[in-house]
Amino acid sequence: MKYIEFGIGNRWLVRTEIEQPNGTEVEVKGVICPVKFRSLYVRVWLRKTVWIMDSQDGFKKTLKPASRFKIILGIRSEL
(Lines give C-alpha, C1' and ligand atoms only; values in the text may rest on other atoms or scores of the structure.)
Protein backbone atom coordinates (compact mmCIF):
# COMPACT_ATOMS: atom_id res chain seq x y z
CA MET A 1 0.00 0.00 0.00
CA LYS A 2 1.14 3.55 -0.68
CA TYR A 3 -0.12 6.61 1.23
CA ILE A 4 0.31 10.08 -0.27
CA GLU A 5 -0.25 12.71 2.41
CA PHE A 6 -0.60 16.52 2.39
CA GLY A 7 -0.79 18.48 5.63
CA ILE A 8 0.83 19.58 8.86
CA GLY A 9 2.39 17.35 11.48
CA ASN A 10 4.55 15.11 9.29
CA ARG A 11 8.24 15.62 8.53
CA TRP A 12 7.37 17.11 5.11
CA LEU A 13 4.30 19.01 3.87
CA VAL A 14 3.88 16.45 1.06
CA ARG A 15 5.11 12.90 1.53
CA THR A 16 4.60 9.34 0.35
CA GLU A 17 4.67 6.47 2.82
CA ILE A 18 5.17 3.01 1.34
CA GLU A 19 4.19 -0.09 3.34
CA GLN A 20 6.34 -3.05 2.40
CA PRO A 21 4.86 -6.60 2.37
CA ASN A 22 7.05 -7.50 5.39
CA GLY A 23 5.39 -4.73 7.47
CA THR A 24 8.15 -2.12 7.33
CA GLU A 25 7.45 1.44 6.16
CA VAL A 26 9.49 3.81 4.01
CA GLU A 27 8.83 7.57 4.04
CA VAL A 28 9.81 9.67 1.00
CA LYS A 29 9.50 13.42 0.41
CA GLY A 30 7.03 14.32 -2.36
CA VAL A 31 4.71 12.17 -4.47
CA ILE A 32 5.90 8.85 -5.88
CA CYS A 33 4.11 7.90 -9.11
CA PRO A 34 2.18 6.05 -10.40
CA VAL A 35 -0.87 6.68 -8.22
CA LYS A 36 -3.50 3.92 -8.41
CA PHE A 37 -6.33 5.53 -6.43
CA ARG A 38 -8.01 3.36 -3.81
CA SER A 39 -9.48 5.89 -1.36
CA LEU A 40 -9.31 9.43 -0.01
CA TYR A 41 -8.95 10.07 3.73
CA VAL A 42 -8.69 12.82 6.33
CA ARG A 43 -6.69 12.09 9.48
CA VAL A 44 -6.76 14.27 12.59
CA TRP A 45 -4.32 13.29 15.35
CA LEU A 46 -4.84 15.17 18.62
CA ARG A 47 -2.59 14.03 21.48
CA LYS A 48 -2.99 10.22 21.53
CA THR A 49 -6.36 10.05 19.73
CA VAL A 50 -6.54 9.68 15.95
CA TRP A 51 -9.76 10.19 13.97
CA ILE A 52 -9.77 8.90 10.40
CA MET A 53 -12.52 9.47 7.83
CA ASP A 54 -11.88 7.25 4.80
CA SER A 55 -13.99 7.23 1.62
CA GLN A 56 -13.79 3.42 1.47
CA ASP A 57 -13.60 2.32 5.12
CA GLY A 58 -15.70 5.05 6.76
CA PHE A 59 -14.97 6.54 10.20
CA LYS A 60 -12.40 5.10 12.63
CA LYS A 61 -11.07 6.27 15.98
CA THR A 62 -7.84 4.82 17.37
CA LEU A 63 -5.41 5.46 20.19
CA LYS A 64 -1.64 5.71 19.64
CA PRO A 65 1.17 5.58 22.20
CA ALA A 66 2.74 8.85 20.96
CA SER A 67 1.23 12.28 21.65
CA ARG A 68 1.14 14.37 18.45
CA PHE A 69 -0.83 16.97 16.49
CA LYS A 70 -1.48 16.31 12.79
CA ILE A 71 -4.08 17.30 10.21
CA ILE A 72 -3.62 15.26 7.04
CA LEU A 73 -5.44 14.86 3.73
CA GLY A 74 -4.30 11.65 2.07
CA ILE A 75 -4.73 9.30 -0.87
CA ARG A 76 -4.43 5.56 -0.38
CA SER A 77 -2.93 3.93 -3.46
CA GLU A 78 -1.97 0.45 -4.61
CA LEU A 79 1.74 -0.19 -5.14
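**View 1. Salt bridge between D54 and R76.** In this predicted model, D54 forms a salt bridge with R76, and their closest N and O atoms are 3.6 Å apart. D54 belongs to strand β4 and R76 to strand β5, so the pair ties together parts that are 22 residues apart in sequence. D54 is buried, at a relative accessible area of 8%. R76 also counts as buried, with 10% relative accessibility.

**View 2. Salt bridge between R38 and E78.** The closest N and O atoms of R38 and E78 are 3.2 Å apart in this salt bridge. The pair links distant parts of the chain, with R38 in strand β4 (residues 36-54) and E78 in strand β5 (residues 58-78), 40 residues apart. R38 is partly exposed at 33% relative accessibility, and E78 is partly exposed at 35%.

**View 3. Salt bridge between E27 and R15.** Here the closest N and O atoms of E27 and R15 are 2.5 Å apart. E27 in strand β3 (residues 25-29) and R15 in strand β2 (residues 14-19) are 12 residues apart. E27 is partly exposed, with a relative accessible area of 29%, whereas R15 is buried, with 5%. Both residues are part of a network of salt bridges that links E5, R11, R15, E17, E27 and R43.

View 4. K2 lies in strand β1 (residues 2-8). A polar atom of the K2 side chain lies 3.0 Å from the backbone oxygen of I32. Residues that K2 touches include T16, I18, C33, P34 and L79.

Notes. Residues are numbered from 1 along each chain as its sequence is written. This is a predicted model: local features need pLDDT of at least 70, side-chain atom pairs count only at pLDDT 80 or more; totals for chains, interfaces and linings use all residues. Side-chain values use heavy atoms; hydrogens and water are left out. Helices (H or I, at least four residues) and strands (E, at least two) are DSSP runs, numbered from the N terminus. A polar contact is a pair of N or O atoms within 3.5 Å; within protein, one must be able to donate a hydrogen and the other to accept it, and residues adjacent in sequence count only if both atoms are side-chain atoms. Contact means heavy atoms within 4.5 Å. A salt bridge is a side-chain nitrogen of Lys or Arg within 4 Å of a carboxyl oxygen of Asp or Glu. Buried means under 20% relative accessible area, exposed over 50%, partly exposed in between (1.4 Å probe, protein chains only). Lists of a residue's contacts leave out its neighbours within four places in sequence.
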